[in-house]
2 protein chains.
Amino acid sequence: MKIDPDSPEELSAQIARAIRAAIMDGSLKVDERLPSEAELAESFGVSRPTVREALKRLAAQSLIRTQRGASGGAFVARQSYAQAREQLITTSTLLLSMNGVDFATACEARYALERACVPLAAARRSADHLAAMRAEIARQSTAGLSDEAFCASDVAFHRALVDAAGNPILSYQLAGAVEAMQPLMNMITFTARSRERIWALHGRIADAIEARDAAEADRGLADLAAYTAELGADVMAARAARRVNRHTEGA
Amino acid sequence: MKIDPDSPEELSAQIARAIRAAIMDGSLKVDERLPSEAELAESFGVSRPTVREALKRLAAQSLIRTQRGASGGAFVARQSYAQAREQLITTSTLLLSMNGVDFATACEARYALERACVPLAAARRSADHLAAMRAEIARQSTAGLSDEAFCASDVAFHRALVDAAGNPILSYQLAGAVEAMQPLMNMITFTARSRERIWALHGRIADAIEARDAAEADRGLADLAAYTAELGADVMAARAARRVNRHTEGA
DNA sequence: CGATTTTCATTTGTCAGACAATTAAAAGTC
DNA sequence: GACTTTTAATTGTCTGACAAATGAAAATCG
């Protein structure tokens with residue numbers, strides 16, 4: 001663990017990198033206690049505030065957790081699926097919104113990923129997963145639901161579908177992708193007609209999963225992907241038209 | 001942007017959360033400059049070191065970048081695919097290693113995700129992607145390659161396959177998943193025989209992608225998944241056997 | 001002696017103030 | 001006008017201090 005005071009890189013960043021490397025290569029194990037801030041400061045030859053900045057960097061990635069008091073300190077944190085999902089959602093959401101990823105690309109990615117776990121879901125789905133999917137379908141078919149609530153239920157349905165695959169890695173990766181797309185999905189205003197079509201497709205997919213018919217579920221998901229892309233394209237076209245109008249009026 | 005000094009949550013964490021929320025909901029746009037540390041300290045009613053800890057938390061997630069000097073400060077950073085990938089790899093790697101995710105589960109997730117982009121890759125692959133895949137196959141078939149180098153080439157091959165799908169979201173998500181698995185893959189020692197089988201399968205997949213035959217590429221990938229799982233199972237069985245031996249000798 | 005309370009030492013959280021390093025803009029100079 | 005110098009703003013780092021939390025040891029009491 002060496003740092004270079006003459007490097008242009010900030011000292012706190014160097015220290016964070018050194019400790020992160022130690023965690024990732026296993027030199028520091030889960031729940032192991034790091035030296036106290038004062039000890040770290042001395043061993044790195046920097047002041048305590050600098051060490052603290054480094055530790056906050058690591059805390060932001062939930063690589064460590066800290067505890068006050070005697071026998072307190074910084075401990076290597078076990079990476080939980082929940083935390084990892086949060087991080088992934090934050091990163092993915094910003095990646096989509098800041099880079100102007102178009103709806104079609106995001107949609108394509110989302111459904112491609114989701115279709116990856118359909119075979120597993122068909123093979124392994126439990127009654128609980130099916131019940132969760134049915135519950136969301138029921139909610140989606142109730143009248144007077146706001147667009148946000150409809151979207152949230154849509155996410156929950158797909159989450160249940162992914163969880164049915166019974167692979168936590170897939171759940172973690174796909175939950176991130178699906179949730180990150182929610183802001184994009186929220187741009188769509190769902191008519192009663194389009195909602196009906198969507199929950200009908202959801203029903204078809206749930207039926208297929210229940211029947212352990214992966215091929216049929218895949219076809220249902222493909223249809224849903226196509227229909228979602230179509231809805232998105234309509235919204236984008238309408239927006240583009242409005243922009244042209246404004247521009248024409250202004251000129 | 002309000003913070004509560006009486007909350008058990010650290011002030012720097014609250015401040016980071018407030019600013020993060022402002023970035024994610026669009027109140028702070030890309031490249032926009034945040035107030036100076038002194039101004040933030042005053043407006044939040046805390047000291048400058050506390051503000052700095054909050055900013056380091058955000059910097060660790062690459063939500064902001066800072067610049068020294070007059071007209072310097074903290075700026076909202078555009079989330080790049082490269083940065084997002086780094087984060088995803090760090091998180092996923094630790095998630096796998098710290099939670100004792102078994103080889104079979106990780107392998108299943110990886111190949112499920114990869115198969116999701118085979119249809120797109122078959123449809124859109126360019127000559128460049130094919131060339132990249134062929135180059136890695138050539139490397140894999142050279143003699144005297146270390147296990148690490150073989151694994152790295154394997155990752156590069158799959159990376160090219162994923163990139164061929166032409167969807168940056170998929171590339172980002174899958175690159176993370178594939179690279180995070182590398183430590184697990186490195187536990188396998190590849191015999192000349194298994195290497196030959198692997199690069200032969202790679203060749204079959206590349207041929208299918210070149211011929212735009214998604215079904216054949218999918219079959220190749222499925223075979224590769226099965227073979228990889230088999231190799232992993234052998235390694236795990238051997239390990240388990242060694243453990244039992246040690247235990248028996250000890251008793 | 002055992003249980004309870006008190007004290008205490010350790011460690012993180014926060015603050016105040018200072019100085020160094022960097023950098024862009026303003027002022028000065030030729 | 002082009003170049004150099006100065007200056008002001010801003011982050012990076014340090015020092016020293018105190019508050020708050022917390023577990024362990026010491027003291028007290030039944």
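Start with Glu9(A), which is partly exposed at a relative accessible area of 30% (buried is under 20%, exposed over 50%, partly exposed in between, using a 1.4 Å probe and protein chains only). Its partner in a salt bridge is Arg17(A), with the closest N and O atoms 2.7 Å apart; a salt bridge here is a side-chain nitrogen of Lys or Arg within 4 Å of a carboxyl oxygen of Asp or Glu. Arg17(A) is partly exposed too, at 45% relative accessibility.

A word on the ground rules: this is a predicted model, where local features need pLDDT of at least 70 and side-chain atom pairs count only at pLDDT 80 or more, while totals for chains, interfaces and linings use all residues. Residues are numbered from 1 along each chain as its sequence is written, chains are lettered from A in the order in which they are written, and side-chain values use heavy atoms, leaving out hydrogens and water.

**Salt bridges**

Over all chains, the search turns up 38 salt bridges. Three of them look like this:

| Pair | Closest N to O |
|---|---|
| Glu9(A) and Arg17(A) | 2.7 Å |
| Arg139(B) and Glu136(B) | 3.4 Å |

(Helices are DSSP runs of H or I, at least four residues, numbered from the N terminus.) Glu10(B) is partly exposed at 34%, whereas Lys56(A) is buried at 4%.

Arg139(B) and Glu136(B) share helix α7 (residues 127-140) of chain B, three residues apart, or about one turn of the helix. Salt bridges with shared partners also tie Glu37(A), Arg48(A), Arg52(A) and Glu53(B) into one network.

**Cavities**

How many cavities of 30 Å³ or more does the structure hold? There are seven. On a 1 Å grid over the protein atoms alone, a cavity is a set of points where a 1.4 Å probe fits but cannot get out, and lining residues have an atom within 4 Å of a point; volume is the space filled by probe spheres set on the points, which are joined across faces, edges and corners.

The largest cavity has a volume of about 100 Å³, and α5(B) gives the largest share of its lining, four residues. The second largest cavity has a volume of about 80 Å³; its lining includes Ser92(A), Arg110(A) and Tyr172(B).

Conventions. On a 1 Å grid over the protein atoms alone, a cavity is a set of points where a 1.4 Å probe fits but cannot get out, and a pocket is an open set with protein on both sides within 12 Å along at least five of seven lines; lining residues have an atom within 4 Å of a point. Helices (H or I, at least four residues) and strands (E, at least two) are DSSP runs, numbered from the N terminus.
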